[in-house]
Amino acid sequence: MKKRIYRSMWSLVLLSVLTVTFTCSFVFYELFSVQTKHAVNSQAILLQKSLKYVSDPLSYLSTLKLSEIEDRVTVIATDGTVLLDNSSNPKLMENHGNRPEFLEAKKNGYGIDTRYSKTLREKTYYYAVKLTDGSILRVSKTINSIYGVFFSVIPIIGLSVLLVILFSNLIASRLTKRIVEPINAMQFGFYDELSPFAKTIENQRKLIEEQLSNLESKANTIKTITEGMKEGLLLIDQEGNVLSANQSAITYLNSKFASFEGRNILELSRDIHFVGGVKTALTGENAEITAIYQNKTVQVFFNPVLQVGAIVLFLDITEKANAEKIRREFSANVSHELKTPLTTINGYAEIIESGMAKVEDVQLFIGKIKSESTRMIHLVEDIIHLSEFDENNIVKSFQSFELLDLTKEVSERLITLAQEKSVSITVEGEPFEIHANQRMIDELLYNLIDNGIKYNKVNGNVTISLSKMDDGVKIVVSDTGITILSG
Amino acid sequence: MSHRYEEQLKQLNNLLIEMGGWLEYVISFTIQALVKQDAKLAQTIIVNAREIDIKEKEIENLCLKLLLQHPVAGDFRQVSSALKMVTDMERIGDQCEGICELTKLLAKEEYIMELVYIPKMAEVTTKMVNEAVDAFVKKDLEIAKSVILNDDIVDEYYRLVRNDIVALIQQDAAHAEQAIDFMQIAKYLERIGDHAVNIAEWVVYSITGVHNSEK
């Protein structure tokens, strides 16, 4: 900006100086040469007029001491011979018969010509008039040609240009300062010309601010979401530096660093499996590991993100892992439980098949096979019940029913067993309407009362009492038998 | 400083942490293999321990490249201590390999003694190695100093193991063969503790510029 102002200022100054010099030179030169011509003309005419009254013009002119005047006066005879000249010896001068002004004067009474010297720096103006005796009087003056004028003024122009440049430099620096200062200070109101520019900037600023706040709110939303996530989330760049990490991730990795951002992932976890996962993801492939963090089984996913790096996701699978463990143990137990009666059944069947069993024993063996298979059926029923639990469809079969009535009904069913064991059953409480799976409540009561009777003493008692609680009903089944040890 | 130089320094730091990760992995599984008499695991560790040697070479090369660029002050200390540290780290890897080789031999036999002090000793040395690497990662003087102090505990356990083994041999000469192996394992663990201390001392040097031996 400054440079441009300087440059344009200089060129302007230079141009104006040159233009003024040229035009002035031309105008003044024209004026000057016209005046010179007039002077020469009038001198010649004056001489011609006065010579009319002189009998011998040549000798008269000689007496005039023309050599003292600046202009050159020449008298040329009709044949072109120079008769007189006030600046050089006429005898040494060549014949002037072919000079244009001479020829013209001979013809018209006067003649004009302008001739340049060899160097073009000077030119000579000739004015010739015919005298009464036929000879020609010529007055001439040598003046600087226009080129000559230029050549002579070049040093002056140069000097003045130099001065002007120096001066304009000074002005330019001040001016530039004055122009640029308000722009630098962003005081656009200073220039009307800049107000649209300032307006555009202001609009842009508003737009940027708006977009920034938009982005910020978006980032905040994402941050809130990720911060609230139970899953750990880490975003890392190509070099493995952490771009962002949520609270869960920080908790899982349990690094004591105040801030994760900008740290290399290696500083947070150098576990070789974890590092391996990160490296795999950074080469553009998915990876997955299961690790223990803070006593939790955590599944860690490493996913590449194009042009960013990778995302590391921590998923707490403790419950799933535990459930899986329980399921494994359960199926192992079930297989074992099922195998025991089957082995017994198989054994008795083999004995019967081989014919080794006595006839009276066969009956006994078949009885054993029956009781074992009944046990198996019960087991299988239990498994079916358990799978019902798993499938979560118990809620679907919920219904409203009277709990006290159901309790009484169940104890009625068990009354025979109780009588066999000499145990009495008491049901206490008020009627309650509850919403539950009736079949399972039935089973629950049956099992509890059944156990209460079976593991009781003679003349013992089983008491079922229902009492209302704030959030439901309390069923207490107590018996006078041996206690169930906790644990 | 040139961008490349800065990158290389960062890479040095990362490589050392990575190597530390490998050390921790190797040492923790070495003890597991020993306690569970798992020859297969021991063999896996021996194979994986080669990664430590590879990392050592890699770090040494990088250190030399960095030294050629005339690092000064803190950078110089970082590079020179890294050069010393990798040697100790590599030695720890070797000691673990030694324990694994013995584990493979002992796996077929029934141990003459119940492993009481050796796992405890291993626990402390593992913690020391872990903390030594941690001290490096976090540039934490306090952690480094605690590693140096822990060495006394390891030495005390070594003494206890030695007493046990002497008693066993005196009890029955047939115990001698296994007893020597266990003695060797204890010695390996004791050496690991010493190397962890060395690493911690180099961490202290890289931070403060003063090595423990100068005090």
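## Contact between the chains

Two residues are in contact if their C-beta atoms, placed from the backbone, lie within 7 Å. In this predicted model, the contact between chain A and chain B takes seven residues from chain A and nine residues from chain B. On the side of chain B that touches chain A, the elements that give two or more residues are helix H1 (3-36) and helix H5 (117-138) of chain B. H1(B) gives the most, with seven residues. By class, this side of chain B has five nonpolar, three polar and one charged residues.

## Chain A overall

The secondary structure of chain A comes to 12 helices and 15 strands. Of its 487 residues, 16% count as buried. Among the contacts in chain A with a separation of 6 or more, 50% are between residues 24 or more positions apart.

## Sheet S2-S1-S5-S4-S3 of chain A

Five strands of chain A form an open sheet in the order S2-S1-S5-S4-S3, with antiparallel pairing. Its edge strands are strand S2 (82-85) and strand S3 (110-116) of chain A, each of which pairs on one side only. From one strand to the next the twist averages 20 degrees.

S3(A) pairs with strand S4 (residues 122-130) of chain A in the antiparallel sense, over seven bridges. Within this pair, A:Ile112 stands opposite A:Tyr127 in S4(A). Helix H1 (residues 2-51) of chain A packs on the sheet and touches S4 and strand S5 (136-144) of chain A. The direction of H1(A) makes about 160 degrees with that of S5(A).

## Sheet S7-S6-S10-S9-S8 of chain A

Another open sheet of five strands in chain A has the order S7-S6-S10-S9-S8, and its pairing is antiparallel. Strand S7 (242-245) and strand S8 (287-293) of chain A are the edge strands, and each pairs on one side only. The twist here averages 20 degrees from one strand to the next.

Strand S6 (residues 232-237) and strand S10 (residues 309-316) of chain A are paired in the antiparallel sense over six bridges. One of the residues involved is A:Gly232, whose bridge partner in S10(A) is A:Phe314. Helix H8 (residues 272-282) of chain A lies across S6, S8, strand S9 (296-305) and S10 of chain A. H8(A) runs at about 25 degrees to S9(A).

## A loop residue in chain A

A:Ser259 is in the loop between helix H6 (247-253) and helix H7 (265-268) of chain A. Is this serine, A:Ser259, buried or exposed? A:Ser259 has 9 other C-beta atoms within 10 Å, and a residue with 12 or fewer counts as exposed, so A:Ser259 is exposed. A:Ser259 and A:Ser244 are 15 residues apart in sequence, and their C-alpha atoms are 9.7 Å apart in space.

## Helix H6 of chain B

Helix H6 of chain B covers residues 141-171. At 1.5 Å a residue, its 31 residues should span 45 Å, and the end C-alpha atoms are 46 Å apart, which agrees. The expected span is 1.5 Å times one less than the number of residues.

The buried residues of H6(B) include B:Ile143, B:Val147, B:Asn150, B:Tyr157, B:Val161 and B:Ile165. What covers the buried residues of H6(B) includes H5 and helix H7 (176-208) of chain B.

B:Asp164 is also placed in helix H6 of chain B. With 19 other C-beta atoms within 10 Å, B:Asp164 is partly exposed, because a residue needs 20 or more to count as buried. Leaving aside neighbours within four places in sequence, B:Asp164 is in contact with B:Met113 and B:Tyr117. B:Val116 is 48 residues from B:Asp164 along the chain, and their C-alpha atoms are separated by 10.0 Å.

## A residue of helix H2 in chain B

B:Leu41 lies in helix H2 (residues 39-48) of chain B. B:Leu41 is partly exposed, with 19 other C-beta atoms within 10 Å. Which residues does B:Leu41 touch, not counting residues up to four places away in sequence? These are B:Phe29, B:Gln32 and B:Ala33. B:Leu41 and B:Cys100 are 59 residues apart along the chain, and 8.6 Å separates their C-alpha atoms.

Notes: Residues are numbered from 1 along each chain as its sequence is written. Chains are lettered from A and ligands numbered from 1 in the order in which they are written. This is a predicted model: local features need pLDDT of at least 70, side-chain atom pairs count only at pLDDT 80 or more; totals for chains, interfaces and linings use all residues. Two strands pair if DSSP finds at least two bridges between them. Helices (H or I, at least four residues) and strands (E, at least two) are DSSP runs, numbered from the N terminus. Axes are lines fitted to C-alpha atoms, for helices over the stretch in contact, and angles run from 0 to 180 degrees between N-to-C directions. Ala, Val, Leu, Ile, Met, Phe, Trp, Tyr, Cys and Pro count as nonpolar, Asp, Glu, Lys and Arg as charged, and the others, Gly among them, as polar.
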